[in-house]
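Work through the exercises below with the model open. Try each task before reading its solution.

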Amino acid sequence: MYLLALLVWVSTALAGVPHASREDEPSFPVATNGQPFPWNKMRLPQAVSPLHYNLLIHPNLTSLDFAGSVKIQVEVHEETNTIVLHSKDLNITKAALLASAEGEGQIVKVLEYPAYHQIALVSDSTVLKKGGVYVIELEFVAKLSESFHGFYKSTYRTREGEERILASTQFEATSARAAFPCFDEPAFKANFSIRIRRESRHISISNMPKLRTVALPDGLFEDLFDVTVKMSTYLVAFIVCDFLSISKNTEHGVKISVYTVPEKIDQAEFALDAAVRLLDFYDDYFDIPYPLPKQDLAAIPDFQSGAMENWGLTTYRETALLFDPHKSSASDKLGITMVIAHELAHQWFGNLVTMQWWNDLWLNEGFAKFMEFVSVNITNPELQVEDYFMGKCFEAMEVDCLGSSHPVSTPVENPAQIQEMFDDVSYDKGACILHMLREFLTPDQFKSGIVRYLKKYSYQNTVNTHLWESLKTKQHSEDELDVKVMMETWTLQEGFPLITVEVKGREVRLSQERYLKGGDPSQTSGFLWHVPLTYVTSNSATVHRFLLKTKTDVLYLPEEVDWVKFNVDMSGYYIVHYEGSGWDDLITLLKHNHTALSSNDRASLINNVFQLVSVGKLPLDKALDLSLYLSHETEIMPVTQGLSELIPLYKLMEKRDMEVLDNQMKGYIVHLFHELIDQQAWTDDGSVSERMLRSYLLLFACVRGHPHCVSTATQLFNKWKESDGNMSLPNDVSLAVFAVGARTEEGWDFMFEKYRESLYTSLKSRIKSALSISPLAHKLKWMMEQSLEGSVMKTQDLPYVVTSISRNPKGYKHSWDFLRANWHSLVKKFDLGSHSIAHMVTGVTSQYSTREMLEEIKEFFRSLTAETGAELRCIQQALENVEENIRWMDKNLPLLQAWLDKNHPEPAQLDDQFKHTEL
């Protein structure tokens with residue numbers, strides 16, 4: 001998702017700059033026609049701003065191009081004879097300046113500077129007067145984009161195999177300029193009147209309801225849409241397609257519709273019901289009525305990210321919106337609800353109130369991510385979403401613990417830098433620090449503060465400070481919390497604190513430092529956070545609070561205790577180390593009475609203990625000793641956290657061909673969970689978290705070759721295959737069944753045919769996952785090639801396919817080779833700086849741990865230029881991860897071997913068919 005800046009040239013004389021040239025004056029670039037281009041910055045000047053766009057778009061879905069015209073009403077803030085705005089890959093065929101919307105146009109000269117996606121409209125005879133309102137009129141033609149941004153082509157196949165074409169938009173962050181000339185920065189808000197021309201076989205939809213359709217003489221139709229509210233260019237959207245829709249009204253009278261390709265409309269009802277509930281929730285929670293008469297949700301067959309919050313017309317991947325009660329799993333239900341909750345939260349956070357510039361993207365994305373959990377917790381309590389929030393904080397910490405991390409609020413200028421802001425720091429860390437603040441202020445105080453913020457800044461743009469000022473609490477005492485001072489320690493510096501706790505009698509000594517993997521000490525000094533600590537003890541389940549604002553401090557307990565646990569339920573964005581006997585006391589507690597702590601507290605201890613091994617605060621055997629308690633664990637968060645700490649250990653060994661130790665480690669993990677695995681029923685029964693845990697455990701067990709799991713899955717797969725795929729498998733266990741089926745050539749080919757035929761997105765998604773974890777190396781290579789080509793397997797899924805294959809012991813070398821061989825095609829398709837590229841770069845390299853491989857990775861990325869990605873943050877992250885893996889293996893391999901020899905000397909017991917092709 002991208003957005004770039006637009007520029008308006010202010011003539012130097014009229015801007016008060018003397019004409020005499022100065023040596024330090026920056027030079028001006030050269031336009032495509034060889035003349036000087038009258039602006040030299042990537043951000044647009046403030047001399048002119050748009051008020052209203054009158055836009056006509058006419059796509060031709062046969063020749064795959066489009067024509068358009070736009071009249072932009074602008075207000076002049078400083079006298080000038082030049083207007084600079086954005087245009088990317090558009091052929092401008094006419095440019096005129098009008099004194100009013102109906103006035104006579106004066107042709108103006110167009111200068112183009114493609115490097116900054118800018119055009120300058122220069123008038124030789126007219127000076128635009130300060131305070132004046134003028135209209136610029138532009139006509140243009142362009143090709144429909146072959147990427148996933150701008151105004152782009154998407155295709156789907158009908159049940160009969162006919163390919164159909166549609167055209168859809170994705171403008172965030174900097175791609176509105178690729179569909180029409182515009183002031184493409186978030187602070188240049190305006191109203192939009194949109195008209196779309198189309199053939200009779202298509203419909204068009206846009207941000208606002210359609211007012212009327214006019215029949216044109218040549219058999220075409222023109223749809224005219226109501227004028228939008230004042231909004232940023234990146235939120236404009238329009239689609240020309242042959243979709244069908246279903247609709248319902250919210251309690252507040254907003255019409256909600258879900259649009260899909262015709263043959264999938266029966267999978268739209270779940271999303272429709274969820275959207276109605278969620279929009280009503282936000283309407284009440286924010287105490288601000290949703291300002292548009294309708295909200296459409298459209299499932300686009302080709303879509304790069306998960307979804308997009310265009311105001312009044314949110315767009316989604318099909319897998320993020322379509323649900324079939326007979327084919328979709330518990331995790332599908334949770335995932336779809338959360339994505340809709342995210343996009344609808346944006347209708348207030350992002351759309352109504354928008355960040356001034358992309359450096360504060362987290363004000364949009366951190367809030368939307370956070371509100372997913374607040375809203376779904378109320379609208380769908382059965383989904384138990386609060387269980388999963390902590391996982392978002394762990395994901396953010398994985399990148400925030402590296403030297404290459406960035407503050408939540410970071411200066412950015414060019415499109416690649418802007419796109420890189422759409423990462424785990426902006427989304428997940430943003431959400432986690434908001435959650436921490438909410439817990440500290442109390443939910444009621446937090447809510448009243450954000451409602452104040454939304455009401456005060458509606459239809460405007462904001463910076464960090466505006467939010468903190470709105471959240472200020474009434475001053476009751478000298479010690480009243482200064483929200484701004486506290487929260488700027490979390491938003492203006494990267495990283496997070498490691499809190500060290502030492503208990504001596506009633507005295508608890510506290511200290512903080514930056515948690516950093518492998519960085520030099522200069523990257524940890526000078527960091528200080530205001531940390532809202534929480535803790536419980538063996539004597540008190542009440543949550544106690546303490547604000548740590550200094551490097552060290554002391555708190556006093558009312559009496560001596562057996563143990564203390566800080567960061568209750570992981571509500572704070574920090575990790576904790578216990579000096580002295582602190583860890584031993586907690587390990588003893590877990591071993592004998594683990595339910596004395598909440599499941600989230602147990603999961604956070606598992607995470608923290610392994611993170612402390614990475615920075616040398618604890619020996620590996622201490623973390624492994626703690627993991628022994630997991631043989632008694634049954635809750636989803638501690639079990640999945642345990643697996644996510646232990647599995648990467650053998651993944652590092654797989655890529656070093658250390659078969660004996662590798663199998664010993666796998667054997668230990670299966671042994672740890674074997675009772676829980678064998679208790680799992682092969683059904684869709686139980687709560688959402690029980691069903692998701694079942695899905696996770698059975699897939700793990702089957703891929704690991706656990707005999708009972710493999711034999712059950714094999715029987716189910718054979719029955720499913722004999723029924724030609726018509727037998728209904730329990731959805732939550734189908735991935736485990738497919739994973740076993742994909743191990744043979746015959747099974748793989750059968751599943752691929754079912755993938756090709758199916759119209760059920762969730763079923764296709766599970767089949768594709770199973771195909772990518774097959775041990776058949778030639779099939780894995782073919783999958784990546786087909787996904788890049790895009791006709792049988794969608795290119796939108798390629799990043800997932802490549803990273804999934806990179807975790808496969810039979811595929812990881814192929815995925816690294818594929819990434820290198822196709823780098824330039826991938827960057828062109830997915831865009832420099834995109835999350836898709838970052839996901840592949842870090843995913844494909846994440847489990848290497850040798851100096852030879854580090855050098856090979858460095859050598860490839862050194863061969864790139866800035867234009868092809870050399871400066872991407874994800875490359876630095878990838879290199880840091882491999883360096884950390886090398887350090888970890890050098891230090892801990894002998895310790896791991898010794899601990900396993902003592903605690904679990906046996907290798908994994910495998911089902912016979914797995915002994916030679918073990919995954």
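**Exercise 1: The second largest cavity**

The second largest cavity has a lining made up of M436, E439, F440, P532, T534, R545, S571 and G572. The model is a predicted one.

Task: Find which elements each supply at least two residues of this lining, and which of them gives the largest share.

Solution. 
1. Start with the elements. Helix α6 (424-441) and strand β25 (531-537) each supply at least two lining residues.
2. The largest, three residues, comes from α6.
3. Sort the lining by class. Three residues are nonpolar, three are polar and two are charged.

**Exercise 2: The largest cavity**

Task: State how many cavities of 30 Å³ or more the structure holds. Then describe the lining of the largest cavity.

Solution. 
1. Count first. There are two cavities of 30 Å³ or more.
2. Take the volume. The largest cavity comes to about 50 Å³.
3. List the lining. It consists of N81, T82, I83, L97, V108, L121, V122, S123, T126, L128 and I136.
4. Strands β3 (82-86) and β7 (118-122) each contribute at least two residues.
5. Split by class. Seven lining residues of the largest cavity are nonpolar, four are polar and none is charged.

**Exercise 3: The second largest pocket**

Task: Give the volume of the second largest pocket. Which residues lie closest to its centre?

Solution. 
1. Volume: about 1100 Å³ for the second largest pocket.
2. Lining: 43 residues, of which K88, H117, P415, D831 and L832 are the closest to the centre.
3. Elements: at least two lining residues come from each of β8 (133-143), β9 (150-157), α5 (415-420) and α23 (823-830).
4. Classes: the pocket lining has 19 nonpolar, 13 polar and eleven charged residues.

**Exercise 4: The setting of P186**

Task: Decide whether P186 is buried or exposed. Then identify the residues that P186 touches.

Solution. 
1. Locate the residue. P186 sits in the loop between β10 (163-170) and β11 (191-198).
2. Apply the cut-off. Buried means under 20% relative accessible area. P186 has 0%, so P186 is buried.
3. Collect the contacts. Leaving out residues up to four places away in sequence, P186 touches S232, Y234, T354, M355, Q356, W357, W358 and N461.
4. Compare with H326. P186 and H326 are 140 residues apart in sequence. Their C-alpha atoms are 42 Å apart in space.

**Exercise 5: The whole chain**

Solution. 
1. Secondary structure: the chain has 26 helices and 29 strands.
2. Radius of gyration: the value is 29 Å, close to the 29 Å that the globule rule gives for 919 residues, so the chain is as compact as a globular protein of that length.
3. Extent: the C-alpha trace spans about 90 × 75 × 60 Å along its principal axes.
4. Surface: the accessible surface comes to about 34300 Å². Carbon and sulfur atoms own 49% of this surface.

Terms used. Residues are numbered from 1 along each chain as its sequence is written. This is a predicted model: local features need pLDDT of at least 70, side-chain atom pairs count only at pLDDT 80 or more; totals for chains, interfaces and linings use all residues. Side-chain values use heavy atoms; hydrogens and water are left out. On a 1 Å grid over the protein atoms alone, a cavity is a set of points where a 1.4 Å probe fits but cannot get out, and a pocket is an open set with protein on both sides within 12 Å along at least five of seven lines; lining residues have an atom within 4 Å of a point. Grid points are joined across faces, edges and corners, and a volume is the space filled by probe spheres set on the points. Helices (H or I, at least four residues) and strands (E, at least two) are DSSP runs, numbered from the N terminus. Ala, Val, Leu, Ile, Met, Phe, Trp, Tyr, Cys and Pro count as nonpolar, Asp, Glu, Lys and Arg as charged, and the others, Gly among them, as polar. The radius of gyration is taken over C-alpha atoms; the globule rule is 2.2 Å times the number of residues to the power 0.38. Accessible areas come from the Shrake-Rupley method with a 1.4 Å probe; for residues, only the protein chains shown count as cover. Buried means under 20% relative accessible area, exposed over 50%, partly exposed in between (1.4 Å probe, protein chains only). Contact means heavy atoms within 4.5 Å.
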